[in-house]
Amino acid sequence: MVKANCTPAKGKKNMEASNSGGQTGDMKWWQLSLVGVGCTIGTGYFLGSTIGIITTGPSIVFSFILAALGTYIVYNLLAKMTAEDPQEGSFCYYANKAFGRWAGFSCGWNYWSSNILIMGSQLTALSLLSQFWFPSVPLWLFSAGFAFVSIVVVLMGTKGFDRIENLLAIIKTAAIVMFIILAACAVLGWFGLDGEKPPSFPNTYNELFPKGLKGFWTSLIYAFYAFGGIEVIGLMAMQLKKKEEAPKAGTIMLLGLTIIYVVSLGLAVTMVSLGAFSEKESPFVTALDSYHLAFFPHVFNGAIIVAGFSTMTASLFGVTNLLVTIADDGNAPSLFMQKIKKLKDLPLPSLCLGVLGLLGSIITALLLPGKIYEYITTAAGILLLYNWSFIILSSFKILESKAWSKATGVFGMLLIFAAVSGTLLEKEIRPGFFISLLFVVIIGLAAIFMKFKVWNKNKAMAAKMRKSELD
């Protein structure tokens with residue numbers, strides 16, 4: 001969900017040029033793991049997990065374990081393809097290689113669309129978190145303010161942005177660690193409410209699954225969404241000094257994330273009842289609210305806002321440059337390749353299209369202030385999973401895998417199907433499924449148009465030119 005260069009095939013010539021330029025091939029596997037943690041932890045976890053808890057209860061912990069397993073399967077297959085055939089376009093290139101240009105086109109635009117929705121989701125989350133301090137301020141007004149500041153940051157350029165991202169990744173991780181330490185102290189009884197016993201983790205079926213298997217099924221999409229960003233690490237694996245270490249980097253990263261996620265959520269659902277959680281507040285703030293730690297809600301809320309704003313701004317920067325690359329490959333109007341030299345070579349037309357996406361989020365926040373976060377988060381999560389499906393299906397055609405590897409891929413597809421189909425079970429988030437379906441239909445129609453009106457025409461012209469040269 002940060003800066004992504006998701007292109008269909010650019011060819012080995014450009015690859016070699018990139019490597020020779022010294023911009024890639026310097027990163028060690030543990031550095032990629034750290035970057036992965038920074039890219040992945042965002043408001044989807046800090047706030048989106050609340051909806052998952054409300055949906056299923058304490059069993060959200062098991063949802064996150066299944067999502068971690070599915071994420072590992074997807075990343076492992078992507079890393080193997082990267083190690084075997086390193087390409088800048090990553091999963092878009094592999095989709096193009098496996099199924100043809102329509103697949104690369106669809107992956108690129110699907111990824112662009114999912115990031116637009118992710119920006120909207122983060123923008124809405126930031127607004128909800130800001131209402132913690134100013135509850136009377138309308139949601140859309142916060143959205144407009146954060147969007148404006150984000151655009152200003154992009155217009156100012158991106159020098160030193162990587163250092164800022166690393167710093168903010170530390171802030172995000174430190175906030176979680178702070179919660180884990182305080183919550184563990186409360187669970188152990190080292191401090192707590194007078195006259196009350198220390199909390200304990202639910203241990204019966206009814207306590208673990210108060211909303212039944214239906215609620216558990218529905219919650220999977222929020223667990224998967226919290227791991228969104230793993231495909232970006234596939235893109236960044238091109239920067240590894242040893243490409244064959246990409247699987248190890250992803251494994252260590254996912255193991256660390258899973259431990260952090262499961263422990264923190266397990267503590268949160270242990271400390272308060274299910275009815276205490278609200279989709280407008282981080283579950284970690286809710287969990288410690290009754291312990292009257294005056295500093296914690298404000299510090300933690302501020303840390304989430306700073307980190308979420310960073311991720312949203314990076315996403316805006318990413319979709320801006322991604323559209324330039326898509327246009328450069330002939331899969332978008334050439335207008336989006338134009339850059340303004342006076343604005344540090346900023347691709348202004350591409351930025352304007354990304355800003356329209358932000359504007360759409362502000363308008364929907366104005367019209368649907370109560371449920372917009374659930375809708376956008378669900379749709380963004382589903383679109384990400386569509387791309388993950390492409391990764392698995394591409395690996396089936398590209399990799400010469402053993403039966404066990406194919407079996408794990410099939411299991412990964414089943415987990416993705418479960419997460420997507422679960423959104424149809426709950427009417428509160430069902431609109432998110434249809435929003436994602438609308439994006440898929442539009443991208444599909446665009447691919448058909450490109451095939452018959454552009455690609456076939458270009459292919460015929462190229463064949464005609466070759467024939468005239470031979471004559």
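View 1. The structure holds zero disulfides, a disulfide being a pair of cysteine sulfur atoms within 2.5 Å. This is a predicted model, in which local features need pLDDT of at least 70 and side-chain atom pairs count only at pLDDT 80 or more, while totals for chains, interfaces and linings use all residues. Residues are numbered from 1 along each chain as its sequence is written, and side-chain values use heavy atoms, leaving out hydrogens and water.

**View 2. Helices α5 and α13 pack at about 170°**. Helix α5 spans residues 60-84 and helix α13 residues 246-271, with their axes 10 Å apart (axes are lines fitted to C-alpha atoms over the stretch in contact; angles run from 0 to 180 degrees between N-to-C directions). The two helices are therefore roughly antiparallel (angles over 145 degrees).

**View 3. Side by side: the residues joining α5 and α13**. On α5, the contact (heavy atoms within 4.5 Å) includes Phe-64, Tyr-72 and Tyr-75. Among its partners on α13 are Pro-247, Leu-254 and Tyr-261. The contact residues divide into 16 nonpolar, six polar and no charged.

**View 4. The protein has 19 helices and zero strands**. Helices (H or I, at least four residues) and strands (E, at least two) are DSSP runs numbered from the N terminus. Of the 471 residues, 56% are buried.

Notes
Parallel < 35°, antiparallel > 145°, perpendicular 65-115°, else oblique. Nonpolar A, V, L, I, M, F, W, Y, C, P; charged D, E, K, R; others polar. Buried < 20%, exposed > 50% of the residue type's maximum accessible area, 1.4 Å probe, protein only.
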